[in-house]
Amino acid sequence: MRRYVLLRTASIVPALLGVSVAVFLLVRLIPGTVVDQMVGTEGSYSEESMRALRAFFGLDAPIHVQYVRWLGAVLRGDLGTSWRSGLPVVQMIVGRLEVTVELTLVAMLVALAVGVPLGMLSARRENTGLDHLVRLLSLFSLSVPVFWQASMLILAVSLWLNWAPAVDFVSLTRDPLRNLAIIALPGLALGTAVAAVFMRMTRSSVLEVMRQDYVRTARAKGVAEPGVLWRHALKNSLIPLITVAGVQMGYLLGGAVITEEVFTLPGVGRLLLWAVFQRDYPLVQGTILFISGLFMVSNLLVDLLYACVDPRIRYG
Amino acid sequence: MAEATRRRALRNALVLFGTGIIAAMVLLATFAGVVAPYDPTDMKVADALKRPSLAHPFGTDRFGRDVLSRTIHGSRIALGVALSSIGIALVVGTALGLLGGYRGGATDLVIGRAMDVLFSFPTLILAIGIAAMLGPGLDNAALAIAVVYAPQFSRVVRGPVIAERAKEYALAALGLGAGGFRVVFRHILPNVLAPLIVQASVSLAYAILTEAALSYLGLGTQPPAPSWGTMLNEGRTYLETAPWMSVFPGLAIMLAVLGFNLLGDGLRAALDPQLRGR
C-alpha cells in the first residue's frame with residue numbers, strides 16, 4: 001500500500017511540470033509580447049523604454065531561462081505580482097479560495113445526495129416507467145448549460161418565493177446560517193448538473209453488480225432483498241463512483257467559474273475572469289495554474305481513496 | 001424477449017427524436033434568412049423589451065430586436081462553431097492518436113504526455129485560458145474548443161490502433177509491400193471508426209455548451225452577432241423584467257445539446273457490441 005501511495009503521489013510531479021510549461025507558454029502565445037499589448041493602447045514609447053519594460057518583465061532573456069526563473073519562483077510559492085492591483089497573486093487567490101472550495105464541495109454533496117439514490121432507485125426498478133422517467137430527466141439535465149440553469153433558478157425563487165440572492169458574501173466562520181443561505185442556490189445549480197452523471201453511473205454499476213455470482217449466492221442463502229442491496233451490492237457498486245467523482249471535480253471547478261459569475265460570488269473563478277478582462281497576465285497564469293493544481297491534487301486523493309476501498313488496486 | 005424489443009423500441013424512439021432535433025436545427029441554420037421573421041440585428045428601440053406576442057413570439061430584447069429571429073440565427077453560430085471546432089479536433093486528434101499508436105516508442109510517449117497535460121486542465125478553464133490569450137471572437141473560441149477536445153479523439157483512437165496493428169490483416173498488408181501510411185489509413189482507420197463516430201457526436205454536444213459558456217462570459221462570439229451564449233449574457237440584467245430574453249436561447253441550447261447526446265447514446269448502443277441487446 002505504501003509503495004502504491006508513493007508511486008501515485010510521485011506521478012503527479014511530471015504532470016504538474018507539463019502543466020506549468022503549458023501555462024507558461026499560454027501567455028507567450030499572445031501575438032507580440034505582453035509589453036507590446038500593454039503599451040499598444042497607451043501612446044508611443046521609445047525603443048529605449050520598451051527595452052527597459054521588457055527587461056523589467058524578464059522578457060529579454062531566452063525563453064528557457066524565463067521558464068526556469070518563473071518555475072523557481074513558483075516552487076518558492078511566488079506566483080508573481082498582479083499588474084493591476086500590485087498585490088501578490090498568491091495572496092489574491094488565497095483570499096478567494098474559501099468561496100470556490102465551499103461552492104465546489106456543496107455542489108459535490110448535492111450531486112451525490114441526488115444522483116446516487118436516484119441511480120439506485122432507477123436500477124431497482126429497471127425498465128419500469130419510473131426508470132425511464134429518471135433516465136430521461138438525467139439526459140435533460142446533462143444537456144442544460146449550468147449558467148442557464150442558475151439563471152432559471154434565480155428567476156424561479158425570485159418569482160415564487162419573492163427572494164433575491166444575497167449580493168455580499170459572508171464567510172462560513174463569521175455567520176454560518178447566512179453563508180449557507182448564500183451558497184445553497186449556487187451549490188444546487190452547479191450540483192444538479194453533475195447529479196445526472198452520478199445517477200447514470202450508479203444505475204449501470206448497481207445493475208452490473210446485481211448480475212454477479214456473489215449476489216446470486218447471497219440470494220440463494222436466503223438473504224432478504226434489502227439486505228442483498230445494502231450489504232452486498234451497494235458497497236461494490238459505489239467503487240466506480242469514486243473515479244467518476246474525481247473526473248467530475250474538473251467539471252465542478254470549471255463550472256464554479258461560471259456559477260460564481262452568475263451569482264456574483266467572490267471566488268477564484270471570478271478572479272480569473274477579472275484577470276482575463278484586465279489583461280492581467282500574471283494573475284491569469286497564477287489562477288489557471290492554481291485551479292489545475294487543485295484538480296490534479298483532488299484526482300490524486302480520489303485515486304488514493306480508491307486504493308483504500310478496493311484492495312485489488314494496491315496489488316495490481 | 002418482449003422486454004428487450006420494448007427497450008430497443010424506446011431507444012430507437014429517443015435516437016429518432018435526437019436526430020429530428022439535429023435535422024431541424026440544420027434546416028433552421030441553413031434557411032435562417034428565409035425562416036426568421038426579422039433581421040436578427042435590426043434594432044427598433046420603440047419595440048424594446050416587448051413580451052412575447054403574435055408579432056414577436058419570443059418577445060424582443062433591450063434594443064427591440066426579435067428574440068425568435070436571433071434564436072434561429074443563433075443555430076448557425078452554434079452549429080458552425082461546433083462543427084468546425086470538432087472537425088479540427090477530430091482530424092488533429094485522430095492523426096496524433098494514429099501516429100502514436102502505430103509508431104509506438106518515443107513518438108507515442110511524447111504525444112501521450114502532451115495529451116495528458118491537456119487532460120490535466122479542467123476543460124472550461126483551458127478553453128477560457130486559450131480564448132483569453134487569443135482574444136475574444138468566434139474563430140478563436142472555435143480554436144480553443146478544438147484544442148480542448150482534440151486529446152479525447154487521440155485517446156479514443158490510440159488503444160484500438162495498438163490492438164489492430166498487431167493483427168494479421170495489418171501484418172499481411174505490410175508484408176504485401178504497403179507502406180505504413182497506407183496500412184494506417186486504408187486498413188486500420190476503418191476499424192477504429194465506430195468509437196470515433198460516437199466520440200464526435202458526444203463532443204459536438206459539449207462543443208455547443210462550451211461555445212455558449214465562452215460567449216456568455218464575453219470570450220466567444222461578440223455582439224451584435226446572435227450567439228445563444230451572448231444572448232443569455234445580454235438577458236442577465238433583465239432576468240426579472242424580461243425573462244424571455246433568457247428563457248428561449250437557453251431552451252435552444254438545451255435542445256441542441258440534447259439532440260447530440262441522444263444521437264451519441266443511440267450510436268454507442270448500436271456500434272458497441274457489449275451494449276447491444278441491453
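Predicted model: local features only at pLDDT ≥ 70, side-chain atom pairs only at ≥ 80, totals over all residues.

Visitor: What is the phi of Thr264(A)?
Guide: Positive, about 45°, although Thr264(A) is not a glycine. Most residues other than glycine have a negative phi.

Visitor: Where does Thr264(A) lie?
Guide: In the loop between helix 12 (239-262) and helix 13 (268-278) of chain A. Helices (H or I, at least four residues) and strands (E, at least two) are DSSP runs, numbered from the N terminus.

Visitor: Which residue of chain B has a positive phi?
Guide: Leu49(B), with phi near 55°. Leu49(B) sits in the loop between helix 2 (32-35) and helix 3 of chain B. Leu49(B) is partly exposed, since 15 other C-beta atoms are within 10 Å.

Visitor: Where is the cis peptide bond?
Guide: Between Pro223(B) and Pro224(B), with omega about 5°. Pro224(B) is in the loop between helix 9 and helix 10 (228-235) of chain B.

Visitor: Switching to the overall picture, how many helices and strands does chain B have?
Guide: Chain B has 11 helices and zero strands. The C-alpha trace of chain B spans about 75 × 55 × 30 Å along its principal axes, and 50% of the 278 residues of chain B count as buried.

Visitor: And what does chain A come to?
Guide: Chain A comes to 15 helices and zero strands. Of the 316 residues of chain A, 35% count as buried. The C-alpha atoms of chain A fill a box of roughly 85 × 55 × 35 Å along the principal axes.

Visitor: How do helix 3 and helix 4 of chain B cross?
Guide: The axes of helix 3 (residues 67-103) and helix 4 of chain B come within 7 Å and cross at roughly 140°. Axes are lines fitted to C-alpha atoms, for helices over the stretch in contact, and angles run from 0 to 180 degrees between N-to-C directions.

Visitor: Which residues meet there?
Guide: Those in helix 3 of chain B include Leu96(B), Leu99(B) and Arg103(B), and those in helix 4 of chain B include Asp108(B) and Ile111(B). Two residues are in contact if their C-beta atoms, placed from the backbone, lie within 7 Å.

Visitor: Now the interface. How many residues does each chain give to the contact?
Guide: Chain B gives 34 residues and chain A gives 38 residues. On the side of chain B that touches chain A, helix 11 of chain B gives the most, with eight residues.

Visitor: What is that side made of, by class?
Guide: The side of chain B that touches chain A has 22 nonpolar, six polar and six charged residues. Ala, Val, Leu, Ile, Met, Phe, Trp, Tyr, Cys and Pro count as nonpolar, Asp, Glu, Lys and Arg as charged, and the others, Gly among them, as polar.

Visitor: What does the model score?
Guide: The scores are ipTM 0.89 and pTM 0.91.

Conventions. Residues numbered from 1 in each chain as written. Chains lettered and ligands numbered in written order. Buried ≥ 20, exposed ≤ 12 C-beta atoms within 10 Å, placed from the backbone.
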